[in-house]
Amino acid sequence: MKVGILGIDGYLGWSLCLKLLDRGHRVVGIDNFFRRRAVEDLGSQSVIPISSMEERIEAANGEISFEEGSTLDFDFLSEFIEKHNLDVIANLAQQPSAAYSMRGVEEATFTQENNVCGGLNLLWATKNKDIPIVTIGTLGEYGCPSMNIPEGFFKVEYEGMEDILPFPKQGPSFYHVSKQQTTDNVWFACRTWVMRVTDVMQGVVYGTRTPEMEDSKLRTRFDIDECFGTAINRFVASAVSEHPITVYGTGMQKRGYIPLRDSMECLRLIIENPPNYEDSYHGHRVINQFHEYYSINELAEKVKKIGEEEFDLSVEVRNLENPRIEPEYHYYEPKHEKLQKMGYEPSTTLEEELKIMFEDLLEHKDRIVKEKIVPKIRWRE
Ligand SMILES: NC(=O)c1ccc[n+]([C@@H]2O[C@H](COP(=O)([O-])OP(=O)(O)OC[C@H]3O[C@@H](n4cnc5c(N)ncnc54)[C@H](O)[C@@H]3O)[C@@H](O)[C@H]2O)c1
């Protein structure tokens, strides 16, 4: 297959590229390097050193090409799609941080324009072409309703009548709302044009590497700052640098998580098995992608235990006033059956993956900018 990856330079985009090359697929990618600039502007850096795109391409084993540009440039994007004759396109070119989107009006506006309009450009550029598309949404779009969360659609009964409808979304930041809007745009496009789109409701991804990253020039980025450092990644970096693990509020918030290597395996399965008209609604297939869910306290305790018992570190867990506005005590039961039916089997455990992360991060401990771990962005201020 010839796969287009939009956002190929990112944490997931680069890992996906290597996974697909390893499977013998050809990859063409675009990126505007927003993430590299944003992390630098925040005064942080990828803890794992990363190569330039030129060095990455040179070190990669397989057929790969790259063009620098933005999904916000419709002419650039259309031309890219037109000339490459792609079998499938994965759109990862997004601003992925909830905290960044709550930093100020400029960041909120940027996030929504970048994510919503970039996605809209992709829909217009592929309109009626029937090129399967994979968009990466987030499990966070669903919020925390007091009921089981289905995979996208559910049966609703009201006043004696019933229908199958999209499950309501109530994400907790302007970032999440940008993803909800993207899901709505995809659903509308699928009902209106000839489209096949898999909308992946992805859990929080953690990990420093995948099996395809043995060569140090092929490593993917790994951030720990309050905007781009996600829960488990930030916790291990905190433990390694002997900075307290910062738990927001009571730490009872539950979320779905998946190791980087398994997330890539799931995306591979999705890319190689595009939706058909039986496993989708009008070509819109929604898949919840995560391995297990944990509360923040459970994660902090697991990281502390491994840090202390296996690596002889002294690890403190500290509860901070929650900078976010989010339910702390809540029901959480998202379904995740579709990927299992497609053949996904978890390849590792949280504990095994944490050990690899500790080893990798200890090697680059001096690159952890500790003062960027503590949250300064507050949802209500
Ligand atoms: N990492 C996670 O835990 C996680 C969890 C759920 C969902 N997601 C979603 O997965 C996708 C990838 O996330 P990630 O963690 O790899 O983020 P990332 O920031 O590392 O990757 C996104 C890449 O896209 C690029 N980019 C952003 N806007 C662009 C544009 N308009 N045009 C071209 N390139 C652009 C960035 O420079 C970056 O390289 C995002 O949609 C994110 O919301 C990630």
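Searching the whole structure turns up 13 aromatic pairs. A pair here means Phe, Tyr or Trp rings (for Trp, its six-membered ring) with centres within 6.5 Å; planes under 30 degrees apart are stacked, over 60 edge-to-face, and the rest tilted.

Start by selecting Phe34 and Phe110: their ring centres sit 4.9 Å apart and the planes meet at 35°, so this pair is tilted. Now colour by helix (a DSSP run of H or I, at least four residues, numbered from the N terminus). Phe34 belongs to helix α2 (residues 34-41) and Phe110 to helix α6 (residues 105-125), so the contact ties together parts 76 residues apart in sequence. Phe34 is buried at 11% relative accessibility, while Phe110 is partly exposed at 26%. The cut-offs are under 20% relative accessible area for buried, over 50% for exposed and in between for partly exposed (1.4 Å probe, protein chains only).

Next, select Phe311 and Phe358, a stacked pair with 5.0 Å centre to centre and 15° between the planes. Phe311 is in helix α10 (residues 296-311) and Phe358 in helix α12 (residues 350-363), 47 residues apart. Both Phe311 and Phe358 are buried.

Last stop: Trp187, where Arg191 lies over the ring face, 5.0 Å from the ring centre. That label needs NZ of Lys or CZ of Arg within 6 Å of the centre and within 35 degrees of the ring normal.

This is a predicted model, with local features needing pLDDT of at least 70 and side-chain atom pairs 80 or more, while totals for chains, interfaces and linings use all residues. Residues are numbered from 1 along each chain as its sequence is written, and side-chain values use heavy atoms, leaving out hydrogens and water.

Definitions and conventions: Helix = DSSP H or I, 4+ residues; strand = E, 2+ residues; numbered from the N terminus.
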